[in-house]
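Visitor: I would like a close look at one part of this model: its salt bridges, and then whatever surrounds them. Please take your time and link the pieces together.

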Amino acid sequence: MEWLTGAVDYGVIGLLGILSVLAVAVFIERWMFYRRIQLTEFTDLKALELELTGKLSVVASIASNAPYLGLLGTVLSIMLTFYRIGQNASMDPTRIMTGLALALKATAVGLVVALVAVVLYNSLLRKVKVLMLKWEINHG
């Protein structure tokens, strides 16, 4: 069961860190793409929408799944804490509380990643809507 400590710290929290970097990278790429897109090159609204919404599902998926990954890390850490209690019945309550408190760090990280990804996704979605409305205004 000791492998769970590494699995939570490096596996779950590490994966959440990677997903956070990925969400920010996709946001930067999309934002730069939106700044240089030429709306006059598109004759069809659906083609424009396809170009604008590309990769948005990545950010949305990160936003919706990060809390669950954090929760998984918390459950694994709590399982490890209970396992340690079972191995040492006379365990110090301070160590138990510390183990449970540290278990919640995965949930906290998951929530932070999700909150950032939701903000990024919403700002990208708003930019897509603005660009599509500009196209519609210019093309009647």
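Guide: Here is a walk from the charged pairs to the nonpolar parts of the model.

The model is predicted, so local features need pLDDT of at least 70 and side-chain atom pairs count only at pLDDT 80 or more, while totals for chains, interfaces and linings use all residues. Residues are numbered from 1 along each chain as its sequence is written, and side-chain values use heavy atoms, with hydrogens and water left out.

A salt bridge here is a side-chain nitrogen of Lys or Arg within 4 Å of a carboxyl oxygen of Asp or Glu. That rule gives 3 salt bridges. Glu29, Arg30 and Lys55 are linked in a network of them. Within it, the side chains of Glu29 and Arg30 meet at 2.9 Å, N to O, and those of Lys55 and Glu29 at 3.6 Å. Lys55 lies in the loop between H2 and H3 and Glu29 in helix H1, so this pair ties together parts 26 residues apart in sequence. (Helices are DSSP runs of H or I, at least four residues, numbered from the N terminus.)

How covered are these partners? Buried means under 20% relative accessible area, exposed over 50%, and partly exposed in between, with a 1.4 Å probe and protein chains only. Arg30 is buried at 6%, Glu29 is partly exposed at 25%, and Lys55 is partly exposed at 44%. Lys55 has another feature to check: its phi is near 70 degrees, a positive value in a residue other than glycine. For background, most residues other than glycine have a negative phi.

The remaining pair is Glu49 with Lys46, whose closest N and O atoms are 3.9 Å apart. These two are 3 residues apart in helix H2, which means they are separated by about one helical turn. Glu49 is partly exposed at 29%, whereas Lys46 counts as exposed at 56%.

A nonpolar core is a set of buried Ala, Val, Leu, Ile, Met, Phe, Trp, Tyr and Cys residues joined through side-chain atoms within 4.5 Å. This core has 28 residues, and Tyr34, Ile37, Leu48 and Leu52 have the most contacts inside it. H5 gives the largest share, 9 residues. Taking contact as heavy atoms within 4.5 Å, and leaving aside neighbours within four places in sequence, Leu48 is in contact with Ile37, Leu39, Phe42, Leu131, Met132 and Trp135. A second, separate core of 5 residues includes Val8, Leu76, Leu80 and Ala106.

Val8 is also touched by Ser77, as is Ala103. Ser77, in helix H3 (residues 56–87), is buried at 13%. Ala103 is in turn one of the buried residues of helix H4 (residues 93–103), along with Ile96 and Gly99. Seen down the axis of H4, these fall within an arc of 65 degrees, so they line one face of the helix; the arc is that of the directions from the helix axis to the C-beta atoms. They pack against H3 and H5, while the face turned away carries the exposed residues Pro93, Thr94 and Met97.
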